[in-house]
Amino acid sequence: MSRQTQAIIHADAIIHNFKLLSAMAPQSTSMAVIKADAYGHGAVNVARILQHVSPHFAVAIIEEAIVLREAGVTVPIVILEGAHQPKECEMAFAHNCILVTHNEEQLRWLETCAEDRLPQVWLKVDSGMHRLGFAVNQVPGILSNYPRVLKQDTVLVTHLACADDTSNTFTQTQLDTFYRMATQTGLAVSVANSPATIQWPASRNNWNRLGIAVYGGFKDESALSLLPAMTLRSSVIALRNVPQGESVGYGQTWTATQDSVIATVGIGYADGYPRHCPNGTPVFVNNARAFLAGRVSMDMITIDVTHIPDVAIGDSVELWGENVAIGEVAKAAGTIDYELMTRVSARVPRIVKYR
Ligand SMILES: Cc1ncc(COP(=O)(O)O)c(C=O)c1O
């Protein structure tokens, strides 16, 4: 039998989460963000799952959109970083993509497009995050300098730096700064990501961009009934008794405080299971929690199953999913669920399941 390491992608959870989040903003149009291979879930998988409910998709770069087009996905795609080189303007038009444009060089490239080959362009506004976009006070000038490229269908896009933190007043500052300018232009706007949609009602506007929560992330922080979209699982490939006082794994970082049963599981950091997970990080096996014992190796982990009766070779082990929240593992590894999802490697087959 082949290695039982798989990421199960729950199609119904993805649809449930997207509909739940969209319903929070009934005055808006919500689009699913499926960049970075749909946060590791498989962009083509997720596009096929959501194509009838998400009227647009968003990706970071045009190469990601072309993969979707080659798979037959026809929904318009927003390219969040815009064009990286002049020829991408023409490609965007040919592939029905919208370029979020954040600097004047990109606008000059667009000006060279023939009138009937000009893609739709949205404009990125820096309302305080200072990562991408035109400063708020530049926007009126930019709009009037490029009338052939920036038209009535241009959407003003901004991104919030701290929307995941309800106690941080900087979000309100960004919203005030952005809306003060945007309302004067009369153009549509796009502000909210997942945390903003959930926690900052004033950020919900014409277009919302939903990423992490579609995949069931940001769950610990919200009271919503978001469902995990991925179960990362593997199986027990070896079992041994480890006497009290003996250690397990590289660097001898875990030592048995009693006679112990250690199961070796066929997943490691080369599959995307974080090497930074410490001893004690939970996994789920035979209806119980077991705990990491010893360092994560490239292809394997070792877990303490002393307290779980009858664990056998071949038993399924959940690394994250319904029983171990991905946020819990992320916290143990000192990172965020976004990183864990996007780091599940190409070696792990994605299996799409409908309940
Ligand atoms: C510009 C932009 N919009 C929207 C999103 C989606 O954010 P989230 O995954 O927090 O919903 C991202 C994600 O990184 C982004 O960079």
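Helices (H or I, at least four residues) and strands (E, at least two) are DSSP runs, numbered from the N terminus. This is a predicted model, in which local features need pLDDT of at least 70, side-chain atom pairs count only at pLDDT 80 or more, and totals for chains, interfaces and linings use all residues. Residues are numbered from 1 along each chain as its sequence is written, and side-chain values use heavy atoms, with hydrogens and water left out.

**View 1. Lysine 35 and the active-site annotation.** Lysine 35 sits in helix H2. The unreviewed UniProt entry marks Lys35 and Tyr250 as "active site". These two are spread over 216 residues of sequence and are also spread in space, up to 35.3 Å between C-alpha atoms. UniProt positions follow the numbering used here, feature names are shortened, and annotations may be inferred rather than shown by experiment.

**View 2. Two domains.** The protein is divided into domain 1 (11-215) and domain 2 (230-353). These bounds come from an automatic or database domain assignment. The domain centres, taken over C-alpha atoms, are 37 Å apart.

**View 3. Where the domains touch.** In this view, 11 residues of domain 1 contact eight residues of domain 2 (contact means heavy atoms within 4.5 Å). Domain 1 and domain 2 bury about 870 Å² between them, 64% of it on carbon and sulfur atoms. Buried area is the accessible area (1.4 Å probe) that two parts lose on being put together, summed over both. Helices H1 (11-24), H2 (35-39) and H3 (43-50) each supply at least two residues of the side of domain 1 that touches domain 2.

View 4. The unreviewed UniProt entry labels residues 229-353 "domain: Alanine racemase C-terminal". The span is 12% helix and 36% strand. Its end C-alpha atoms lie 10 Å apart.

View 5. Arginine 3 forms a salt bridge with aspartate 271, and the closest N and O atoms are 2.7 Å apart. The rule asks for a side-chain nitrogen of Lys or Arg within 4 Å of a carboxyl oxygen of Asp or Glu. Arginine 3 lies in the segment before strand E1 (6-10), and aspartate 271 in the loop between strand E14 (260-265) and strand E15 (282-285), 268 residues apart. By this rule the count is seven salt bridges, with zero between domain 1 and domain 2.
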